[in-house]
Amino acid sequence: MPEIEYILGHLNYWLFTVLMMTGLYIVVAKGNLIKKIVGLNLFQSAVFMFYISLGKITGGTAPIFPLDMRIDPATVYTNPLPHVLILTGIVVGIATTSLGLALIVRIREEYNTIEEDEILGIEKELVAQENRTLGDAMGGRA
Amino acid sequence: MLDLFIDLSLFTMLVATGFAIVKMRRLFGVTMMTGVFSLLSAMLLVTLDAVDVAFTEAAVGAGISTVLMLSTLTLTSRIEKSPVHTPWIPLLVVAVTGAVIIYGTLDMPNFGDANAPAQVGVAAQYMERGPEDMDLPNTVTYILASYRGYDTMGETSVVFTAGVGVLMLISGLRRRRRRKPSRDEGEVS
């Protein structure tokens, strides 16, 4: 039955999509900045696993040769190239995460909150205040 | 059949962890759940034959990033306030994006197909020539350090830049904290 084979062959990709969308939902819907970073991490992990799953070969094994380097030509090895790229990706991911968390610490210092809508409210208030000051300096309403 | 069973049970746990992260409002619990998610994804990576990546994910995802999250929590707050917006627009955005991505996967080759375009390109050449060129048993190591050495150099510079950025953002935290009360008093007087 080709139908079942097609569904089983693509099921992994669809499940990875569900995970990705969970991460995206957290980024879009949640106002807390730390939660947003967690959502980004979730999305990123799902993309990594999706990418690795593209390199998998059925019946293959981990791409490590025997120690005596006598390679049996009958052995199937999984594609190592996605693994290499994702290793780089994981490390860059942790670098961006740490930068984001440091920014959150600074934001908390300035605004005393890490909720997005409260920060926007404070920003609005500051701009209104500045406009009033400038208007007064020019004599009358700006 | 056993493969499919392991795959599906790991996925069920991953999705459950993801939903728990969405629902949870205590950020401490969210951090712990992120660690659980990383360990589960490391297990899934082992079933996908990516042992090196699983190792890194378990060390970086469940180790370093949990430490970073916890130290951020001590400097900020531990509770997420209840949301003010309705979740309908984000749900719509997510549903549309998910549908587009799934549409994109429809004409992809089957999972584990040995003749997929990803398998027959440059990777096959790396596997073939590696043992003669490098004489190392671990293919991931020699591709990372030699054939793709420039990638790794770029990665190192990215990590360096991020480290400098974090230091510039965080440095002087205690000094500013000590100075802040005195500055406020100055404004009052």
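Between domain 1 of chain A and domain 2 of chain A, an area of about 440 Å² is buried, and carbon and sulfur atoms give 65% of that area. The model described here is predicted. Chain A and chain B bury about 7,800 Å² between them, with 75% coming from carbon and sulfur atoms. Over all chains, the count of salt bridges is eight.

**Domains of chain A**

- The domain assignment divides chain A into domain 1, with residues 2-61 + 76-111, and domain 2, with residues 116-142.
- Five residues from domain 1 of chain A and four residues from domain 2 of chain A take part in the contact.
- The centres of these two domains of chain A, taken over C-alpha atoms, are 41 Å apart.
- One salt bridge is counted between domain 1 of chain A and domain 2 of chain A.
- A:Glu116 and A:Lys36 form a salt bridge, in which the closest N and O atoms are 3.6 Å apart.

**Domains of chain B**

- For chain B, the domain assignment gives domain 1 as residues 1-83 and domain 2 as residues 148-189.
- The C-alpha centres of domain 1 of chain B and domain 2 of chain B are separated by 27 Å.

**Interface of chain A and chain B**

- Contact between the chains involves 81 residues of chain A and 87 residues of chain B.
- Three salt bridges are found across the interface of chain A and chain B.
- A:Lys35 and B:Glu80 are joined through their side chains by a salt bridge with an N to O distance of 2.9 Å.
- This pair crosses between chains: A:Lys35 belongs to helix H2 (residues 33-55) of chain A, while B:Glu80 lies in the loop between helix H3 (51-75) and helix H4 (88-105) of chain B.
- Both A:Lys35 and B:Glu80 are buried.
- A:Lys56 forms a salt bridge with B:Asp49, and the closest N and O atoms of this pair are 3.0 Å apart.

- Side chains of opposite charge can pair when their charged atoms come close.
- A:Arg106 forms a salt bridge with A:Glu109, with 3.4 Å between the closest N and O atoms.
- A:Glu109 and A:Arg106 are separated by about one helical turn because they are three residues apart in helix H3 (residues 81-111) of chain A.
- A salt bridge also links the side chains of A:Arg106 and A:Glu110, at 3.7 Å from N to O.
- A:Glu110 and A:Arg106 lie four residues apart in helix H3 of chain A, about one turn of the helix.
- Through shared partners, the salt bridges join A:Arg106, A:Glu109 and A:Glu110 into one network.

**Nonpolar surface patch**

- A:Tyr6, A:Ile7, B:Ile102, B:Tyr103 and B:Leu106 make a nonpolar surface patch of about 460 Å².
- Helix H1 (2-29) of chain A and helix H4 of chain B are the elements that give two or more residues to the nonpolar patch.
- B:Tyr103 is located in helix H4 of chain B.
- The relative accessible area of B:Tyr103 is 64%, so B:Tyr103 is exposed.

Note on methods: Residues are numbered from 1 along each chain as its sequence is written. Chains are lettered from A and ligands numbered from 1 in the order in which they are written. This is a predicted model: local features need pLDDT of at least 70, side-chain atom pairs count only at pLDDT 80 or more; totals for chains, interfaces and linings use all residues. Side-chain values use heavy atoms; hydrogens and water are left out. A salt bridge is a side-chain nitrogen of Lys or Arg within 4 Å of a carboxyl oxygen of Asp or Glu. Buried means under 20% relative accessible area, exposed over 50%, partly exposed in between (1.4 Å probe, protein chains only). Domain bounds come from an automatic or database domain assignment. Patches are made of residues with over 30% relative accessible area and no salt bridge: like charges are joined within 9 Å, nonpolar side chains (Val, Leu, Ile, Met, Phe, Trp, Tyr) within 5 Å. Accessible areas come from the Shrake-Rupley method with a 1.4 Å probe; for residues, only the protein chains shown count as cover. Contact means heavy atoms within 4.5 Å. Buried area is the accessible area (1.4 Å probe) that two parts lose on being put together, summed over both.
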